[in-house]
Each structure stands twice: as C-alpha cells, then as structure tokens.
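Colleague: Hi! Could you open the model and talk me through it?
Modeller: Happy to, here it comes.

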Amino acid sequence: MFFDDLTDGSGLFDIGGDIWQITPDGLGGFIAMPFDPVADLAAGLLMPVILALPIIGILMVGQPLVIALAAAAVGFVIAMLLSALLHPIAGYGVFATCLTYLFGTLSWAVCDKFETHNPIFLFGYIGIAALVLIAWALLGSGVEEITDDVIPSLLGIGTAIGGFITSAMLFFTALGENRAKYSVYAFRIMHYLLLACLVVGLLYRVIGLVRKGGGALPFGALLGSVIAFALGLIPLVATGLLGAASSIITCAVFLGLYVAIVALTPSLGKDIKATPAWVLMPLMLGSLLYLVAENASGMLIQTDVSTALLNSVTSNPLLVSLWQMTGRVIVAFTDPVARVFNGVADFVAGIFDQTWPSFAVADYVVMVVVLALAAGALMVGATLRTSVAKASHAK
C-alpha cells in the first residue's frame with residue numbers, strides 16, 4: 001500500500017513534525033491517529049489506578065462477595081458436568097443464571113454500602129456496570145465456540161441477552177424499596193431460559209444417540225467418573241479422622257493420599273477409567289459448600305432455587321458431612337499456611353531492617369492454597385503413574 005511503502009510497513013507517517021499512526025479501517029480506507037509516546041505512557045500508568053478503584057469498591061462489600069463468587073464457582077462446576085453429559089448449551093444456561101446472581105448480589109451489596117457515604121462504593125457500582133457489559137458481550141460472542149448448530153446458538157445468544165436484561169434490572173433497582181419484587185421477575189426470566197437450555201441440551205443428546213444407530217449413554221465413562229469422585233472422598237475422610245492436632249502430618253497425609261490414589265488406581269477396562277480430575281471434585285464441591293454455609297448471612301438475593309440450595313447445604317446429612325470434612329481440612333492447613341505467609345512477610349520486611357506483625361490468613365485464602373496443592377498432588381500422581389506404566393512396558 002501507499003502508506004506502507006512510505007513507512008516500510010511500520011504504520012507510522014511523519015506529517016509536519018507530528019507522528020501519526022495509519023491503520024486500515026476494514027472498509028478499504030485508513031484511519032490516521034496522532035501517536036504521542038509520552039501521553040500513552042501516562043495513560044498506561046494511570047490505567048491501573050482507574051481500574052483499582054472499582055475493584056476495591058467491589059472487594060469491600062464483605063460476605064455478599066463471597067456468596068456471589070461461590071455462586072459463580074458452583075455454576076461453573078455444574079456447567080462442566082452438564083456440558084459433558086448432555087450438551088454445552090445446558091451448561092451454558094446454568095452458568096448464565098449463576099452469573100446473573102453474581103452481578104445482582106454485587107449490585108445490591110454495593111448499594112447497601114452507599115449508606116456509609118463512602119465514595120469508593122460509587123466506583124464499585126460503576127465497575128459492576130462495566131463488568132455486566134463486558135461479561136455478557138463475551139458470553140454472547142462465545143456461543144459460536146460452544147456449538148455450530150443453529151438452535152443452540154440462537155438459544156445461547158438469547159440467554160446472553162436475557163442475562164444482560166435481568167442483570168440490568170437488578171442493577172437499576174438495587175436502591176429501590178421493592179427490589180425484592182424485581183428480583184423475582186428477573187430470575188423468573190433466567191429460570192425459563194435455563195429450562196429451555198436444559199431441554200434443548202437433553203434433546204440434542206438423544207438425537208446424537210439416535211444418529212449413532214443404537215448408541216448408548218457412555219455408562220463406562222460415567223462409572224469411571226463416579227469411581228474417581230468416590231476415591232476423592234478418601235483424603236477428606238482421613239483428614240477428618242486424623243484431626244488438626246498434628247497439622248503438618250495431617251497435611252502431608254492429605255496430599256500423599258491424592259498422589260497415591262492417582263498413581264496406584266488402575267483402569268478398570270478400556271471404557272471405564274477413573275479420570276484424575278474427578279478425584280478433586282469432592283474437595284471443590286466441599287469448599288464451595290463451606291463458603292456458602294459459613295457466609296449464609298451474606299445471601300442478599302433469595303430466590304426459590306437459592307433458598308432450596310441453602311437449606312440443602314445446612315440440612316442434608318451428606319452435604320453437611322462434606323462441608324464439615326472440608327472445614328477440617330481448612331483448619332489443618334490454616335497454621336502451616338499462616339506460617340509460610342508470615343515467614344515470607346518477615347523475610348521481605350527484614351530486607352529493610354523492619355519487622356512485620358503476625359497476621360491471620362482468611363479461610364478462603366487457605367482454601368485456594370489447599371485446592372492448588374491438591375491439584376499439584378494429582379499431577380505428581382499422574383506423572384508417577386505414567387512413569388510406572390512406561391517402566392512396566394519396557395520390561
């Protein structure tokens with residue numbers, strides 16, 4: 001092109017001493033924009049400050065933030081399961097509903113903080129508006145990557161639009177006196193969309209089986225996942241039996257069991273395989289249940305579904321046992337994690353001949369560390385299993 005010839009393809013063209021950036025507009029023409037390195041550098045330094053204000057405003061809401069993030073995490077886990085068992089559109093509907101709950105809860109929580117007249121929450125409110133626009137735009141545009149079929153694609157786009165509308169309803173009525181009434185309307189929309197996604201997902205699974213000519217559900221793979229899930233309960237039960245008296249030993253046994261389960265558990269056949277990732281599911285589910293149970297007072301938006309789930313968490317014996325066992329794991333790891341964090345802080349402060357007062361580590365931080373360590377233990381176990389398999393074949 002003409003400008004490329006003048007600039008050796010750099011896109012920069014010198015006009016009257018000013019630096020201009022010439023870029024194609026996609027329609028056969030070009031767009032000329034002034035290029036100021038100093039201004040760009042200043043904007044680059046200012047951008048983190050601008051982004052930090054709404055993030056701080058959102059993080060300061062307390063327990064509702066934990067509930068909102070737990071809802072999104074639960075939705076993500078369930079979405080993965082439904083996407084594998086039925087169709088991606090089914091998981092898409094679940095995650096979209098939970099994402100709406102996240103945005104609605106944060107909107108309500110931030111607006112409740114307005115009573116303190118703290119201006120930082122105004123930035124948090126603006127930040128939520130930006131997140132709503134970005135998230136639903138990305139979720140809507142990502143439908144094409146989920147499926148190539150017309151009906152699921154249209155339903156996915158419709159679900160994203162519905163999620164945007166309901167998020168906007170919850171956002172703009174967060175300061176209203178009758179906001180609970182609007183939340184009922186909002187989640188009624190999302191529940192209908194979720195039902196449509198589940199029905200379409202189920203129909204596509206049935207159609208897929210019919211096209212295969214007498215195919216059947218992958219019971220072997222499903223059984224392997226169930227076996228792996230059951231094996232994942234062993235470290236939780238063992239930690240509960242050991243207790244937190246000898247926390248270092250308990251933590252070592254907990255992680256060692258994950259390594260041993262993946263390394264030593266053989267496949268039951270060609271079709272039945274205990275996928276290592278499913279071994280981590282009990283810990284993930286228990287962590288989410290623990291967060292919800294411990295922060296139930298932060299549940300601002302109560303729908304029929306969320307109330308039923310909360311009642312199940314606090315009354316169902318199996319779920320109660322799961323989150324209580326996970327709580328014991330968190331207690332066992334709290335002291336070692338706190339020592340590591342305080343040790344790092346003391347080391348950094350010692351560089352400048354300063355001391356750092358001891359501090360406690362929040363439960364959710366310990367939970368993240370435990371999940372990361374458990375995932376690492378699974379990787380070690382998988383590596384050992386591969387090494388053992390190669391050694392046996394070599395013989």
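Colleague: Let's begin with the largest nonpolar core. How many residues does it have?
Modeller: This is a predicted model, and in it the largest nonpolar core has 78 residues.

Colleague: Which residues have the most contacts inside that core?
Modeller: Those are L106, W136, F254, Y258, L283 and F333.

Colleague: And which helix gives the core its largest share?
Modeller: Helix α4, residues 88–112, with 12 residues. As background, nonpolar side chains tend to be buried together in soluble globular proteins.

Colleague: What does L106 touch, leaving aside its neighbours within four places in sequence?
Modeller: With those neighbours left out, L106 is in contact with I58, V61, L65, A68 and I128.

Colleague: Let me step back for a second. How many helices and strands does the protein chain have?
Modeller: The protein chain has 15 helices and 3 strands. Of its 395 residues, 37% are buried.

Colleague: What about contacts between residues 24 or more positions apart?
Modeller: Counting contacts with a separation of 6 or more, residues 24 or more positions apart account for 71% of them in the protein chain.

Colleague: Now helix packing. At what angle do α10 and α14 pack?
Modeller: Helix α10 (residues 247–264) and helix α14 (residues 317–351) pack at about 120°, and their axes are 9 Å apart. The two are therefore oblique to each other. The crossing of α10 past α14 is left-handed.

Colleague: Which residues make that contact?
Modeller: On α10 they are S247, I248, T250, C251, F254 and L255, and on α14 they are V329, A332, F333, D335 and P336. Sorted by class, the contact of α10 with α14 has 8 nonpolar, 2 polar and 1 charged residues. You've met F254 and F333 already, among the residues with the most contacts inside the largest nonpolar core.

Colleague: Nice link. How do α12 and α14 cross?
Modeller: The axes of helix α12 (residues 281–294) and α14 cross at roughly 95° and come within 8 Å. That angle makes α12 roughly perpendicular to α14.

Colleague: And who meets whom there?
Modeller: From α12 there are P282, L283, L285, G286, S287, L289, Y290, A293 and E294, which meet L319, L322, W323, T326, G327 and I330 in α14. By class, this contact of α12 with α14 has 10 nonpolar, 4 polar and 1 charged residues.

Colleague: How far apart are the axes of α13 and α14?
Modeller: They are 5 Å apart, and α13 and α14 pack at an angle of about 70°. Here too the label is roughly perpendicular. The contact is made by S312, V313, T314 and S315 of α13 with P317, L319, V320 and W323 of α14.

Colleague: Staying with α14, is N342 buried or exposed?
Modeller: N342, found in helix α14, counts as buried because its relative accessibility is 10%, and the cut-off for buried is under 20%.

Colleague: What is N342 in contact with, beyond its neighbours within four places in sequence?
Modeller: P357, S358 and F359.

Colleague: Last one: is L309 buried or exposed?
Modeller: L309 lies in helix α13, residues 304–315. At 53% relative accessibility, L309 counts as exposed.

Colleague: And how far is L309 from V292?
Modeller: Their C-alpha atoms are 9.7 Å apart in space, while L309 and V292 are 17 residues apart in sequence.

Notes:
Residues are numbered from 1 along each chain as its sequence is written. This is a predicted model: local features need pLDDT of at least 70, side-chain atom pairs count only at pLDDT 80 or more; totals for chains, interfaces and linings use all residues. Side-chain values use heavy atoms; hydrogens and water are left out. Axes are lines fitted to C-alpha atoms, for helices over the stretch in contact, and angles run from 0 to 180 degrees between N-to-C directions. Helices (H or I, at least four residues) and strands (E, at least two) are DSSP runs, numbered from the N terminus. Angles under 35 degrees count as roughly parallel, over 145 as roughly antiparallel, 65 to 115 as roughly perpendicular and the rest as oblique. A crossing is left-handed if the near helix is turned anticlockwise from the far one by less than a right angle, and right-handed if clockwise. Contact means heavy atoms within 4.5 Å. Ala, Val, Leu, Ile, Met, Phe, Trp, Tyr, Cys and Pro count as nonpolar, Asp, Glu, Lys and Arg as charged, and the others, Gly among them, as polar. A nonpolar core is a set of buried Ala, Val, Leu, Ile, Met, Phe, Trp, Tyr and Cys residues joined through side-chain atoms within 4.5 Å. Buried means under 20% relative accessible area, exposed over 50%, partly exposed in between (1.4 Å probe, protein chains only).
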